Amino acid sequence: MKHNSLTLNSLKSINLKQTLVPLETPIIMGILNITEDSFYDGGRYLSETSFLKRVEQIVEEGATIVDIGAVSTKPNAAEINEKQEFEVIKKYLQLILSHFPNTLVSVDTFRASVADMAIQEGVAMINDVSGGVDPDMFDVVGKHSVPYILTHNNRSEPIATKELISKILSFFGNNIEKLVSKGVKDIIIDPGFGFGKTVEQNYYLIKHLETFSITGFPILVGISRKSMIQNFLCTSPAESLTGTMILNTISLGNGATILRVHDVKQSAETIKIFNLLRSL
């Protein structure tokens, strides 16, 4: 790979709105969905009051970043068009930054136009679970020089488990080169749990997560209350906290740098214990 000159800085910190956030200790990204039908918290935070209370809670419980999104990735979720997403993100982004101006906000979007607006409004990072499906996305994050979360999202034929790691590494390698060529310096990689993988493959990725450290970039794990837990344990999103914390703990041991979660307090406690054990 040709991006080695960038990786040392990327491993140690990420530049969020001119603030270098250290990554020697894992950090938390708190999920805040402003959707009607997200699989776990859809519809809970649509009022301004509930939204702001949730922001305050996420920060107080220990999250470094608040990740807001207006498009549900739940299977068969209602489609939100570009104009609707643009307006919702702009409204809630202005709301959060007017009340909590020092909060580091990430926007979960696959649309370059929404990302462009959000960055101009003051967002610190773009979280694109599509893996760069919008051909203008890399240009936008490069133009503004903001951190970008690159997610592996398989939309083609199913991948055989024995080829899964190599296929994802190839995807990361190709797209990291494109991002670097656009001027993006802070890249976070996300293996994309639940996006085009079987239940077993998601657990296989957890087991082999450390392999992705070869890229030299921070690894984000987003498994919070996902179907990979419910389908295996025959439970529901509301009953998936234990499974989430177990998998987050294993992920930390296997190289995860950022945990994207609904349950910030429990995740902060998990990281605190993990750091203690690592220091002994």
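Visitor: Where is the place of isoleucine 273?
Guide: In this predicted model, isoleucine 273 sits in helix α10, residues 264–279.

Visitor: Why does isoleucine 273 count as exposed?
Guide: Exposed means over 50% relative accessible area. Isoleucine 273 has 54% relative accessibility, so isoleucine 273 counts as exposed.

Visitor: Which residues form a nonpolar patch on the surface with Ile273?
Guide: Leu276, Leu277 and Leu280 do, and the four together have about 480 Å² of accessible area.

Visitor: Is aspartate 263 buried or exposed, and how do you know?
Guide: Buried means under 20% relative accessible area. Aspartate 263 has 10%, so aspartate 263 is buried. Its place is in the loop between β10 (258–261) and α10.

Visitor: What makes the link between aspartate 263 and arginine 225 a polar contact?
Guide: A polar contact needs a pair of N or O atoms within 3.5 Å, one able to donate a hydrogen and the other to accept it. The side chains of aspartate 263 and arginine 225 are joined by such a contact of 2.9 Å.

Visitor: Why is arginine 260 called buried?
Guide: Arginine 260 has a relative accessible area of 14%, and buried means under 20%, so arginine 260 is buried.

Visitor: What makes lysine 83 and glutamate 87 a salt bridge?
Guide: The rule asks for a side-chain nitrogen of Lys or Arg within 4 Å of a carboxyl oxygen of Asp or Glu. The closest N and O atoms of lysine 83 and glutamate 87 are 2.7 Å apart, so the pair is a salt bridge. Both residues lie in helix α3 (residues 82–99), four residues apart, about one turn of the helix.

Visitor: What makes lysine 182 and aspartate 139 a salt bridge?
Guide: The N to O distance is 2.8 Å, and the limit is 4 Å. Lysine 182 lies in the loop between α6 and β8 and aspartate 139 in helix α5, so this pair ties together parts 43 residues apart in sequence. By this rule, the count comes to eight salt bridges.

Visitor: How do you know that strands β6 and β7 pair?
Guide: Pairing takes at least two bridges between two strands. Strand β6 (residues 125–128) and β7 have three bridges, in the parallel sense. Asparagine 127 has isoleucine 149 in β7 as its bridge partner.

Visitor: How many bridges do β7 and strand β8 have?
Guide: β7 and strand β8 (residues 187–190) have four, again in the parallel sense. The two strands therefore meet the rule of at least two bridges.

Visitor: Why are β8 and β9 called edge strands?
Guide: The open sheet of eight strands has the order β8-β7-β6-β5-β4-β3-β10-β9. Strands β8 and β9 (220–221) each pair on one side only.

Methods. Residues are numbered from 1 along each chain as its sequence is written. This is a predicted model: local features need pLDDT of at least 70, side-chain atom pairs count only at pLDDT 80 or more; totals for chains, interfaces and linings use all residues. Side-chain values use heavy atoms; hydrogens and water are left out. Patches are made of residues with over 30% relative accessible area and no salt bridge: like charges are joined within 9 Å, nonpolar side chains (Val, Leu, Ile, Met, Phe, Trp, Tyr) within 5 Å. Accessible areas come from the Shrake-Rupley method with a 1.4 Å probe; for residues, only the protein chains shown count as cover. Buried means under 20% relative accessible area, exposed over 50%, partly exposed in between (1.4 Å probe, protein chains only).
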